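Please read it beside the sequence and the coordinates.

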Amino acid sequence: MTFIEIKFLIFLIMTFFVFYICPVKYRWIVLLCASVVFYAIAGLKYLPFIFVTSFTVWLAGRRMGRIYEVQEEASKELSRKEKKALKEEAKAKCRGTMLWTLVLNLGILAACKYLKFFIGPVNALLGAAGSGRTLSAESIIVPLGISYYTFSALSYLLDVYWRRVEREKSYPRFLLYLIYFPHILQGPIERYGRLGERLKQELRFDYQRVTFGVQLIVWGFMKKLIIADRLDIFITKVYKGYEQAGGVLFLVAAFFDVVYIYADFSGCMDMARGISQIFGVELDLNFDHPFASLSIAEFWRRWHITLGEWFRDYVYYPVSTSKLVKNIGRKTRNRWPQRLSRLAVNTLPVAATWIMTGLWHGTGKTYLAWGIYYTFWLLLSTTFGDDLHQLALRLHFNTENASWRLFQMVRTTLIFAGGRLLTRPGSLRRTLYIVRDIVTNLSPWQLTDGSLFNFGLDAPALLVSVVFIALLGVVDWWQQKTSVRVWIAQQGIVFRWLVYLGAVLAILVFGIYGPGYSASSFVYMAY
Amino acid sequence: VAVFLVLLAVCVTCLSNLFINKWKRFCYESVTPKQFYELDQDSVEVLFLGSSQATLGISGMKMYEDYGISTYTLGSPRQPMLGSYGWLVESTKTQNIRTAVVDVAALYYGTLSESRYRQSLDNMKLSLNKLQLIYEHCKLNGNTNADPFFSYIFRISKYHSRWKELTEEDYTNDSVYQPVFRGNVLYSDSVTIDLAKLAYDNDEPEEGVTMNSESVQYLERMAQFCEENGIELLLIKVPRYDWSITQHEQVEAFAEEHDLTFLDLSSSDTIAKIGLDENDYMDKKHPNISGATKISAYLGAYLKENYDLTDFREVEGYDELNYQEYCDRVEDSYLQRATDVVEYLQYLKNDRYDILIQTTADITGYCTQELLDTFEALNLKANIQELNGQTYVAQVNRGLCVYEAVSAGRQVYGNYLSDGVKYTLCSTYAAASTPAITVDFESISFANKGINILVYDSDTNRIVDKSTLVCDETSGGLVLQKENEKNAM
């Protein structure tokens, strides 16, 4: 069940009424029950996986929390040195629990997502062990949202281990944090310290918040159904029929693909946040105008923010503060030129972070290449960024004006589009073909000779796409300055209703949905 | 919030009606239910159900005209038996149906496309009956997902992608209007058919012919529903080429098993009794107006004889619906179907018509007395026997000559028809880039050979007939050449 199905709408309306009919103190239970039902509708077979992850992580957190509590109790009257020793001892006790739980849950995640690539060796092993059973790719269950809930659970585990958050004593409360239906399928990857606490607050009815939530849902639907799903038709056809398309069409497809992934994913996030808002729970912002970024590092601080923060906190920081990296820094600092030393120190944490991010997004060579691609750009940026800036100044470029910032934004977007070109066409071979064709066969008349309309979108459909892309751009630009929802709320009732009616009717008319059309699943659902 | 939701619902309903597929070729399925719902309570006693064969082949007006039987046909193209069952149930909500007559073609349908279900059910009012039918249809087709079910209720979800193909017709709803006479659509076109092939008893028995289980199931439910509601159920088969003796025998066995009457109109004897001739069909399956009239006359007599039905001609206040329009259309069909010049000229003398005449060849030597008489009857004064190479244009409005001109060269003339529609005439013997005749700014195609005659009905805003009287060098006279397209009347 996805957000764009009728049955989800019915489910949401029913949950809404039951939620607000119930007394405030029981409302979190309504959310928990609704979330379990939501997940069970997606597939009963998935439920054991999330129960295993939630229960093992909760148990581990409970044990570690108790150890820390005992240690704190015991260290009240001890000297500072003794306190430190006791603290180290407690942490050592917890380390085993943390590591076992971490390995178990990462193992489940890896088995579900990557075992299909090792079916051959696994079957050979089973054969060698005398087992008559064999494994098939179809038999491997990939629970919905496993990457999201596993990462959320592990963030809790590590935060408890590092004593950043208190343990959760109630398992149902912890389960709700993981399985909470607005974010279970596509994120955002919430930290327990934030979402867990918000879910414990009194969830009271607030008319304005509910209406704002509904508006956000409608806006998400517009992005997803009118822009993303329409562009998806064109992009898929161009990349699948790449031998019939030419250079300039690949450029159009690459541009559309950037808009597509943004409209699809951020639209989905808007829906998730809007749905959560109507229940009085704020979800973390996952997109913060990424195309206004001046560098690729900034871009990834604004795009899929919660995932970036997760990798930063649980991969990048631990690796960059590891003994190995510290040793590299110590050994190269005075012997190598400054830039090279910086490169040597940064390479391992950046590469580890981005290759893992790539593999989190998907499996296969394309995602590995994607990780290497971003490692390259980020290392280039951190190592030579200052030099490039100096060069621009020496060439008397004004780096403070709007056109320079625009150049930086376009450059960042082009790098992002390059990354999409590695994964979207489906194989590196196809990517190479497309890049070569863009360089050697850029025939602009394909834009005017009708070829443009041979890939699933005719002229009116393309016009609608362009109009709504422009609308998306205007609203995004506007949102940087003020809250559009607040601005609309301040207008007269006729204008407001016209806006709301226009938005809903635009979705109903121009959206890609309904029978006969297999609405593509949200891109991030399978991760 | 409530007011906003009501406003939203109104907008969505309006958009649904705008976007719903008008099924341009067979738009009667949207008109038929609409008119049915507008009927007076308990004003229909005989209900016909079935596919396009029932819709085109059964003339309720003819049965009313001859026997006073009040009928209505609820059919759609390849209407599934599920749809017929649904409409039977629906009809009993407002009508006191005494006899339900089902054309059994649907018993032999293969897997039907979704559009056939849509055409049958889309225009049924929302009710428990409709919800039940949609649910059963989705279940039968293995659609466990809720979205297809809701798409029948919120029709915009099915048809919204038509936004880029909307035309003026979708907004005005004018040109999609197709006259439906108690559920019957009249076609005047005809093809020459082989009556022997129309009859099933000339066929050899076939192997492997089976009834569609879904259709059987719904026909059985119809039988049960009729029994429970005191309705007589009659099975019929309107003759068609691919109806076989095996199918006839199977339906006969089914009828016997369920204690039903099966009246197969496709035997050689019955076809002879009906009086069908080789020009009575518009294709190999569908009777034209002539065929429908003959079949309905036969069927009306059968119904009158075997069922206790009211003679509504004697019922005061009974709504004849568009009976006069039906009579006009029958009259039009004579003009449209005429193949003989004399006969054609006779039917041309009708005060209902606006007539546009224009020459594209010198007809001086080919004029017949009938043509001259007709021109006189139409109050045309020019002596066309003495044109001698001159061009001629004329306009007759409802029997009165409005304009007439003879000229040595090319003539272009424009004016208005009785209903205010603009027309132009361009008369020349040389090939010209200007269209011979335009009506409402649309050019009308004609042969470039003789006298072009366009007949227009200003009451219903439509072109009734386009013919050319062509000079035939062999016979030395005029022959009739038709330019009509295959459209419903």
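In this predicted model, B:Lys237 and B:Asp103 are both buried, where buried means under 20% relative accessible area, exposed over 50%, and partly exposed in between (1.4 Å probe, protein chains only). B:Lys237 forms a salt bridge with B:Asp103, and the closest N and O atoms are 3.1 Å apart; a salt bridge is taken here as a side-chain nitrogen of Lys or Arg within 4 Å of a carboxyl oxygen of Asp or Glu. This pair links distant parts of the chain, since B:Lys237 belongs to strand β4 (residues 232–237) of chain B and B:Asp103 to strand β3 (residues 99–103) of chain B, 134 residues apart. Helices (H or I, at least four residues) and strands (E, at least two) are DSSP runs, numbered from the N terminus.

As for conventions, residues are numbered from 1 along each chain as its sequence is written, and chains are lettered from A and ligands numbered from 1 in the order in which they are written. Because the model is predicted, local features need pLDDT of at least 70 and side-chain atom pairs count only at pLDDT 80 or more, while totals for chains, interfaces and linings use all residues; side-chain values use heavy atoms, with hydrogens and water left out.

Side chains of opposite charge can pair when their charged atoms come close. Over all chains, a search of the whole structure finds 40 salt bridges. One of them joins B:Asp277 and B:Lys294, whose closest N and O atoms are 3.1 Å apart. Here too the pair links distant parts of the chain, with B:Asp277 in the loop between α14 (268–274) and α15 (289–306) of chain B and B:Lys294 in helix α15 of chain B, 17 residues apart. B:Asp277 counts as partly exposed at 31% relative accessibility, and B:Lys294 is partly exposed with a relative accessible area of 22%. Salt bridges that share partners also join B:Asp328, B:Glu331, B:Asp332, B:Arg352, B:Asp457 and B:Arg462 into one network.

A further salt bridge brings together the side chains of B:Lys34 and B:Glu38 (3.6 Å, N to O). Because B:Lys34 and B:Glu38 are four residues apart in helix α2 (residues 28–38) of chain B, about one helical turn separates them, and both residues are exposed.

The surface carries several patches, which are made of residues with over 30% relative accessible area and no salt bridge, like charges being joined within 9 Å and nonpolar side chains (Val, Leu, Ile, Met, Phe, Trp, Tyr) within 5 Å. Lys and Arg count as positive and Asp and Glu as negative, whereas His and the chain ends are not counted; the place of a charge is NZ of Lys, CZ of Arg, CG of Asp or CD of Glu.

On chain B, a negative patch is formed by B:Asp340, B:Glu343, B:Glu370, B:Asp373 and B:Glu376, and its largest share, three residues, comes from helix α18 (residues 369–377) of chain B. B:Asp373 lies in that helix, α18, and is partly exposed with a relative accessible area of 36%. On chain A, a patch of positive charge gathers A:Lys323, A:Lys326, A:Arg330, A:Lys331, A:Arg333 and A:Arg335. A:Arg333 is found in helix α14 (residues 323–333) of chain A and is exposed, with a relative accessible area of 55%.

Chain A also has a nonpolar surface patch of A:Phe384, A:Leu388, A:Leu391, A:Leu395 and A:Phe397, with about 490 Å² of accessible area together, as given by the Shrake-Rupley method with a 1.4 Å probe. A:Leu388 has its place in helix α16 (residues 365–394) of chain A.
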